Structures are given as C-alpha cells and as structure tokens.
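Subject: Structure handover

Hello,

Here is the structure for you to open alongside this note. My findings follow below it.

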Amino acid sequence: MKNPLHREITIDEIETFQKEGVICLRNFFNKEWVHRIQDLVEEDIAHPSGMVKSIDAEDSTGFFFGDTFVSHHLEGFRDAVFNSPAPLIAASLMKANKVNLLFDQILVKEPDTSTPTAWHQDYTYWPVAGEQVSTLWLALDPVTYDSGAVEYVRGSHRWNQKYLAISFDPSQTYEEELPEVPDIENNRSDYDIVSFELEPGDCTIHHGLLLHGAQPNKLKNVRRRAYIQRWTGHDVTYNPRPNLQKMLRDPLIPAGGPLDSDLFPVVWAR
Ligand SMILES: O=C(O)CCC(=O)C(=O)O
C-alpha cells in the first residue's frame, strides 16, 4: 500500500510532542483529503448521527455543531480513519506499536459563534487507562485566534494531575473525585499557552492529559470546521466508569483489557 505520509515524522517532532504535549504538523492532509472531508462534514451537518448534540451556551450567537462517532455514521469517514495519514501520525508521535480509534468527531464553529470551548483535559471524559492517548485536530478552514483556534497549556500533560471533566452537555454530570480545572482564562499570564494558526490540511496532535480550550469564532464570514480523531496506543486499556462521555454503544470488551473491538478498532499495528 502507498505510504500515506508525504514525509516521515521526525525524531524532533516526536520529542516535542512527548515533552510539550502538542505539535502542529503542516500540510499532512492533501487537498483531496481536505475536500473529501469538507464534503463529509457538510453531509453530516445536513444529516447528523444520533450522537449529535447542541454545544451552544445559553444566549449565545452563531452555531457550535458537534457530532461524534461519525465514521460509524458515514462510510467516507472510515476511509479518513483507515487510509489517511492520521493513524501513522498518531502511532509515530505516541511511539505506539498499534493504534485504536476511540472515536472521531466534527466540531464546527460557524461565523459569529460566541460559545468558547472551556479549558479541559480530554482524558477524564473517556473510558481509558494508560499513557498513549491523543487527539488529532484537522483544520478544514483557515484557523486564527479570532476564528477559534484551539489553545494549549504547554507541558500540562506532565503535571501528573487529572482534572474533573467539566460538562459540555447540561444533562451530563461527571462524578469523579478530582480537582476542578484551574481558572486559566482569567489568569492567562500564569500559564504557558500556545496556539497555532492553521491552513486547511494542517493538523495539531495533543496528548489526552493536556489542558486546552478554544476561543469563540468572532469572525463574521469565516467558518471554523474541524475533523477530529481520538487515538490510543498499545498501553491503553478499557477503563469504564460511571457518567463518562456517552460512547456510541457498549463495546462488549472486559474492563482492564485492550480496546480492540468493532467500536474501537485497531487501525494500524506494527
Ligand atoms: O475545537 C474545539 O473547539 C475544541 C477541540 C477540543 O477540545 C478537542 O479536540 O479536544
């Protein structure tokens, strides 16, 4: 099979991801992938899956659209999971001998969407244990600070601290005994915050324990469409707990075992 990477991931890039918890990779998804995924996103917005949910804050402007497990809904996303550069990027950066897709997702902030994305860690929402957990965030539009670029607290994945998942869904509560995420937004100068201006086809990959959030889309005529994949590596096991983010269905795998299942497929293995 043709190597989907237009170049290999470098040792420096792997080290940056491991140390800082986030890296930006430019232009790894070519125009063909970008156009195909843009079309799939439009199809999903028009005909969302049963996992779609409203993320707009009360009294907000615009539209913050989110749908999860989209590769179980639209076949084309399966191709983006199995045949795009994504699994090799995730495996290389996490130094993983195999990668499973936990789920994929669309997050669109339409022009003038006032809802920010609250600072959070991904990890505590998900039924996982282990180190090799990451998110690939693919830009489908030009992304700037003003259109809602994701921001990251560099190195926070190494603080040895898990935070309580804060809910994006008013019907959802998270009950783990963990401290709340600190008030980063009102104390920004205390943190080493980094973000990336992206072109369509550029992506970021961040570690599951890295604190991150995103600004509103303040622009009146620029959409901020992202296609997102959540990856795990060989050291990750299934760790179901009460009141986590809703998964598409029960994966029917034992707690403490590998994630390998139809729901969380092995996408690449060495
Ligand atoms: O796109 C956003 O607004 C937030 C993205 C995010 O939190 C994530 O991908 O984990």
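In helix α4, the buried residues are Ala86, Pro87, Leu88, Ile89, Ala90, Ala91, Leu93 and Met94. Buried means under 20% relative accessible area, exposed over 50%, and partly exposed in between (1.4 Å probe, protein chains only). Helices (H or I, at least four residues) and strands (E, at least two) are DSSP runs, numbered from the N terminus. The helix spans residues 86–94, and eight of its nine residues are buried. Just after α4, Lys95 has a positive phi of about 55 degrees.

Two notes on the source. This is a predicted model: local features need pLDDT of at least 70, side-chain atom pairs count only at pLDDT 80 or more, and totals for chains, interfaces and linings use all residues. Residues are numbered from 1 along each chain as its sequence is written, and side-chain values use heavy atoms, with hydrogens and water left out.

Strand β10

Strand β10 covers residues 203–207, and five of its five residues are buried. Cys203, Ile205 and His207 lie on one side, Thr204 and His206 on the other. Strands count as paired if DSSP finds at least two bridges between them. β1 (residues 22–25) runs antiparallel to β10, joined by four bridges. Ile23 stands opposite Ile205 there. β7 (residues 133–139) also pairs with β10 in the antiparallel sense, over five bridges. In that pairing, Trp137 has Thr204 as its bridge partner.

The ligand

Trp137 is also one of the residues that come nearest to the ligand, of the 15 around it. A residue is near if one of its heavy atoms lies within 4 Å. A polar contact is a pair of N or O atoms within 3.5 Å; within protein, one must be able to donate a hydrogen and the other to accept it, and residues adjacent in sequence count only if both atoms are side-chain atoms. For the side chain of Arg230, the distance from an N or O atom to a ligand oxygen is 2.8 Å. The protein buries 98% of the 290 Å² that the ligand exposes when taken alone. β12 gives the largest share of the shell, three residues.

Asn217

Asn217 sits in the loop between β11 (212–214) and β12 (224–232). Asn217 is buried, at 1% relative accessible area. Its side chain reaches the backbone oxygen of Val222 at 2.7 Å. A polar atom of that side chain lies 3.1 Å from the backbone oxygen of Lys109.

Best wishes

Note on methods. Accessible areas come from the Shrake-Rupley method with a 1.4 Å probe; for residues, only the protein chains shown count as cover.
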